[in-house]
Amino acid sequence: MPIAVVTFQFDPYAQLFGDLVVRWGTIALVVVIVAGLVLAGLSARAGGLRADDVAFVAVGIVPGAVIGGRLGYLILHQAYYGAAPGRLLDPSVGGLELGLAVVGGFVTGAYVAGLLGGSVGHWLHVAAAPVLFVLGAGKLTMVLTGAGQGQPSAEPWATAYLGPGPWGSLLPALPSVPSQALEGIATLVILAVLTMALVLGAFGRRDGSVFFTAIGLWAMARALVSTTWRDPAVTGGLNAGALVAIGIAVGCVVALLILASRRRRPATQADLADGGLDVAWPDPEARPRF
């Protein structure tokens with residue numbers, strides 16, 4: 001068996017106090033989520049939105065992400081859940097598929113943002129960077145748990161987990177493509193490029209176009225990285241996760257085309273009502289709380 005250049009032999013668990021032990025990956029993920037919420041709050045305030053409304057939107061994202069993630073997991077493992085559909089409702093069995101979790105979280109988060117008043121497009125504009133950060137950095141936390149390892153590889157950058165574990169991938173000692181790290185790094189590169197574009201004045205209209213661009217690019221990167229996963233191909237040499245990611249990318253392109261067509265025609269009262277265009281944002285402090 002080839003020896004990977006990058007090997008991990010640490011204990012994946014941290015003993016906090018007494019008998020309480022927590023995975024380092026879990027601790028890192030909590031840090032990433034908190035940092036993402038702080039970034040979202042700062043972005044919201046800089047964009048003229050109420051920073052404390054970020055908490056409402058974040059809570060609203062959760063149910064959609066869970067439902068979408070479980071439905072995505074059903075697509076990935078149809079035979080397993082088809083034999084016993086009740087397992088899909090058991091949170092102790094299986095996990096979440098990230099692609100549809102993002103879609104579900106977008107739907108319920110956008111709904112809550114709409115209830116807060118103002119432009120949903122404005123909220124999507126400030127959400128692009130925090131969402132990419134959480135997706136990219138969150139994926140990198142999987143390196144600490146050994147989850148998300150890809151196909152076996154003899155490349156010098158292959159990774160293997162030789163410590164006691166338990167690790168999140170089968171045959172952790174087998175040198176494999178670090179798929180989780182590749183996706184995380186690709187996502188953070190997309191974040192850096194879009195941030196530079198925003199600094200240079202791109203996406204002047206706060207209509208959500210930067211959000212759909214960000215998620216579309218992330219989905220394409222995920223589909224590309226999915227070719228290194230261990231999941232079996234289902235159609236055209238692509239696995240189910242890749243097909244979901246491609247579907248998300250296509251959906252984002254359609255959303256961008258719709259936004260572009262709306263920008264080419266004169267604004268109507270309906271446009272101002274649904275917040276799809278870049279309109280003046282009211283003073284957030286003047287809006288009554290509920």
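Predicted model: local features only at pLDDT ≥ 70, side-chain atom pairs only at ≥ 80, totals over all residues.
Local features need pLDDT of at least 70 and side-chain atom pairs count only at pLDDT 80 or more, while totals for chains, interfaces and linings use all residues. Residues are numbered from 1 along each chain as its sequence is written, and side-chain values use heavy atoms, with hydrogens and water left out.

The protein chain contains nine helices and four strands, taken as DSSP runs (helices H or I, at least four residues; strands E, at least two) and numbered from the N terminus. Along the sequence their order is β-β-β-α-α-α-α-α-β-α-α-α-α. Of the 290 residues in the protein chain, 42% are buried (under 20% relative accessible area with a 1.4 Å probe, protein chains only; exposed is over 50%, and partly exposed lies in between).

Seven aromatic pairs are present in the structure. Rings of Phe, Tyr and Trp (its six-membered ring) pair if their centres lie within 6.5 Å; planes under 30 degrees apart count as stacked, over 60 as edge-to-face and the rest as tilted. Phenylalanine 10 and tryptophan 167 pair edge-to-face, at 5.3 Å centre to centre and 85° between the planes. Because phenylalanine 10 lies in the loop between β1 (6-8) and β2 (13-17) and tryptophan 167 in the loop between β4 (159-161) and α6 (179-199), the pair ties together parts that are 157 residues apart in sequence. Phenylalanine 10 is partly exposed at 26% relative accessibility, whereas tryptophan 167 is buried at 12% relative accessible area. One aromatic cluster is formed by Phe8, Phe10, Tyr161 and Trp167.
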